[in-house]
Amino acid sequence: YLFMSIATNANFDWKCLNTWKQSAKNTLWCLIGCSIGDFGTIIYFQVNNMGLSTLIIMILAIINGILTSVALETIILFNQMGFVKAFKTAMGMSIISMLSMEIVMNILDVIVMGGAYINVYIIPFMLLAGFTSAWPYNYWRLKKYKLSCH
């Protein structure tokens with residue numbers, strides 16, 4: 001079984017330009033949604049200095065990023081399919097993609113800024129890191145399973 005799985009993956013097409021374009025659009029929407037909650041949480045604690053540890057702030061930022069991503073997707077899909085189906089579709093998005101995006105962005109923030117701190121100079125790098133961490137997985141998921149949230 002393992003051999004068949006490896007052989008199937010060896011034949012996987014990573015060269016489909018249309019799938020790369022569509023997966024880039026999907027990843028961008030996810031990035032926008034995740035970033036709203038993530039950056040908003042970090043900035044909130046940065047401004048209010050509540051004395052929480054960096055780890056706690058980053059965990060809250062990840063949770064809020066995923067929640068805002070689901071909310072944004074629901075709003076985007078609402079006109080196409082109604083609220084219930086839009087919400088179910090948004091909830092069915094890949095948690096793997098969102099988690100990788102969130103974790104990579106927050107690790108970069110901690111490494112470069114030394115904690116839960118954001119300024120305008122780090123944001124483009126965080127966005128690029130988050131996008132590139134999730135994009136290949138979204139391509140694979142779209143190509144292999146024809147699963148897309150848009």
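What percentage of the 150 residues in the chain is made up of buried residues? In this predicted model, buried residues make up 37% of the chain's 150 residues.

**Figure 1. Overview of the chain, a predicted model with six helices and zero strands.** From the N terminus on, the order of the elements reads α-α-α-α-α-α, and the C-alpha trace spans about 50 × 40 × 30 Å along its principal axes. When contacts with a separation of 6 or more are considered, 74% of those in the chain are between residues 24 or more positions apart.

**Figure 2. Close-up of the packing of helix α2 with helix α6.** The axes of α2 and α6 are 8 Å apart, and the two helices pack at an angle of about 135°, which makes α2 oblique to α6. The crossing in which α2 passes α6 is right-handed. On the α2 side the contact includes Thr 19, Trp 20, Gln 22, Leu 28, Leu 31 and Phe 39, while on the α6 side it includes Ile 123, Met 126, Phe 131, Trp 135, Tyr 139 and Lys 143. Sorted by class, the residues of the contact of α2 with α6 are 14 nonpolar, eight polar and one charged.

**Figure 3. Close-up of the packing of helix α2 with helix α5.** Helix α2, which covers residues 17–48, and α5 have axes that come within 10 Å and cross at roughly 45°; α2 and α5 are therefore oblique to each other. This crossing of α2 and α5 is right-handed. From α2, the residues Thr 27, Cys 30, Leu 31, Cys 34, Ser 35, Asp 38, Phe 39 and Ile 42 take part, and they meet Met 98, Met 101, Glu 102, Met 105, Asn 106 and Asp 109 of α5. The contact of α2 with α5 is made up of eight nonpolar, three polar and three charged residues.

**Figure 4. Close-up of the packing of helix α3 with helix α5.** Helix α3 (residues 54–81) packs with helix α5 (residues 95–113) at an angle of about 140°, and their axes are 10 Å apart. The crossing of α3 and α5 is right-handed. Among the α3 residues in the contact are Thr 54, Met 58, Ile 62, Gly 65 and Ser 69, and among those of α5 are Ile 95, Met 98, Leu 99, Ile 103 and Val 110. The contact of α3 with α5 comprises nine nonpolar, four polar and two charged residues.

**Figure 5. Close-up of the largest nonpolar core, which has 24 residues.** Ile 42, Met 98, Met 101, Met 105, Ile 118 and Met 126 are the residues with the most contacts inside this core. Two or more residues of this core are given by each of the elements α2, α3, α5 and α6 (123–145), and the largest share, seven residues, comes from α2. Not counting residues up to four places away in sequence, Ile 118 touches Phe 39, Ile 42, Gln 46, Asp 109, Ile 123 and Met 126. In soluble globular proteins, nonpolar side chains tend to be buried together.

Figure 6. With neighbours within four places in sequence left aside, Ser 69 is in contact with Cys 30, Gly 33, Cys 34, Met 93 and Met 98. With such neighbours likewise left aside, Ser 133 is in contact with Ser 100, Met 101 and Val 104. Although Ser 133 and Met 101 are 32 residues apart along the chain, their C-alpha atoms are separated by 5.8 Å.

Figure 7. Asn 49 is not a glycine, yet it has a positive phi of about 40°. Its relative accessibility is 63%, so Asn 49 counts as exposed.

How values were computed: Residues are numbered from 1 along each chain as its sequence is written. This is a predicted model: local features need pLDDT of at least 70, side-chain atom pairs count only at pLDDT 80 or more; totals for chains, interfaces and linings use all residues. Side-chain values use heavy atoms; hydrogens and water are left out. Axes are lines fitted to C-alpha atoms, for helices over the stretch in contact, and angles run from 0 to 180 degrees between N-to-C directions. Helices (H or I, at least four residues) and strands (E, at least two) are DSSP runs, numbered from the N terminus. A crossing is left-handed if the near helix is turned anticlockwise from the far one by less than a right angle, and right-handed if clockwise. Contact means heavy atoms within 4.5 Å. Ala, Val, Leu, Ile, Met, Phe, Trp, Tyr, Cys and Pro count as nonpolar, Asp, Glu, Lys and Arg as charged, and the others, Gly among them, as polar. Angles under 35 degrees count as roughly parallel, over 145 as roughly antiparallel, 65 to 115 as roughly perpendicular and the rest as oblique. A nonpolar core is a set of buried Ala, Val, Leu, Ile, Met, Phe, Trp, Tyr and Cys residues joined through side-chain atoms within 4.5 Å. Buried means under 20% relative accessible area, exposed over 50%, partly exposed in between (1.4 Å probe, protein chains only).
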